[in-house]
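Subject: Structure for your review

Hello,

Here is the structure I said I would pass on. Please look it over first; my notes on what was found follow below.

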Amino acid sequence: QDAIRDTAATTVDQNIDRLKQVIRSDRRYAPAYHALARMYMSKNNVVDRQRALTHLKRALYLDPENQTYLTTLGELKWSQGFWYNAMNTYQEAHEVDTTDAETAFRIGYHAMQDFLKYTSMVDYEKLGEEVVKFEWGKFAEIDKTKAVDYYERSIANDPGYRDAYYQLALTHLEDGHPDRMIETSDSLLSRIPDDKYAHLYAGLGQQRLGQHKKAQLSFQKFMRRMDPEERTLMASTQMLRSENDTVSSDSVQANYWKSRDPLLLTDYNERLLDHYSRVAYASLRFSRPWKDIPGWQTDQGKLHIRYGHPITDVSQRPEMSRLSLSSHVTRWVYDGFTVSFVNGDGLDGFRFGDGFDQQRNYRTGSMGEFTRSIPSYFSVDTWVATFLI
């Protein structure tokens, strides 16, 4: 028990050696096998994930209905790319104790990923001489309902489970109901008034509804609860500029936003609010929580902050042949250009693939090369132009 409890005090390899000693002294001590599996999982490579699986199976052989071990097994299967098997394992873990908020949340989270995937997925099948378009929307609806159900179960089991509120808010937003996103954020704030992300996501919902004054207040509450480094990041213009430009001070950034305020008669900066909402959405939509990767650091998050929501978002599912498996591709279509993202590893991360303009002039290579040639874009620019006309 001391070896399991004190793992934070030593290196991963030292912990592995200590846990192996525990197992040699007692080969039927299931917690040691589970702790050893967690150590191997933390090394995050193919070989060690397989070693983790071996030890998890041993732990579950000794204690087959241990919910913690089953949850870890689901996490491992997810990291290996076996999403369907991970979902079934989480379901099995939840059935052991239906009052557990963690397993309910994970089931909801995986259902949510399927909802997001199928919402924009389109296939074209050739039937004889005719090409038939097949949309996956009906599957997305099933997964959305499941995600909402399990997030609400998680919250009912633990009313302070913040991640369940965040992801439930995102589900409502993606389903076209920013009003419900605000309600979910307000529900969390009624329990935890200082939760900064609840203020951020309430602001996102208010911005989507055109409630700019309310959004400004929510974003301000979020900013007041951030540390200085986070606050600087929130208003940073670096992702909107070319790679060679730098913004070195808060005053320079403040002047940048002030000079781009489209309607000086209002007491808020529409373009800055648009930027805040993009950062909020990127944080919520593209984060990879079990890998500690914030959404704004992902390729999709960076592109969203720079260009906003695409006009259309179309996904192409992976195709399997006898010889190969094609990548999962999603394309964001904007006014004048398109950006592709590729998921080639079967896991939960899309990476920049390529970009091109309406004339199909490809700008391949790094995302930096592409963003240098396509300036940042704010939807408020079009709105203000229409307003002034």
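The secondary structure of the protein consists of 18 helices and 7 strands. Please note that this is a predicted model. The protein has 389 residues, and 48% of them count as buried. Taking contacts between residues at least 6 apart in sequence, 49% join residues at least 24 apart.

Two parts were looked at in more detail.

The first is helix 12, which covers residues 212-224. With 13 residues at 1.5 Å a residue, helix 12 should span 18 Å, and this agrees with its end C-alpha atoms, which are 18 Å apart. Its buried residues are A215, Q216, S218, F219, F222 and M223. These cover an arc of only 165° around the axis, so they lie on the same side of helix 12. The buried residues of helix 12 are covered by elements including helix 11 (196-208), helix 13 (228-234) and helix 15 (270-285).

The crossing of helix 5 past helix 6 is left-handed. On the helix 5 side, the residues in contact include L70, L73, G74 and W78; on the helix 6 side, they include W83, A86, Y90 and A93.

Regards

Methods. Residues numbered from 1 in each chain as written. Predicted model: local features only at pLDDT ≥ 70, side-chain atom pairs only at ≥ 80, totals over all residues. Heavy atoms only, no water. Helix = DSSP H or I, 4+ residues; strand = E, 2+ residues; numbered from the N terminus. Expected span 1.5 Å × (residues − 1). Buried < 20%, exposed > 50% of the residue type's maximum accessible area, 1.4 Å probe, protein only. Arc of directions from axis to C-beta. Contact = heavy atoms within 4.5 Å. Left-handed = near helix turned anticlockwise from the far one by under 90°.
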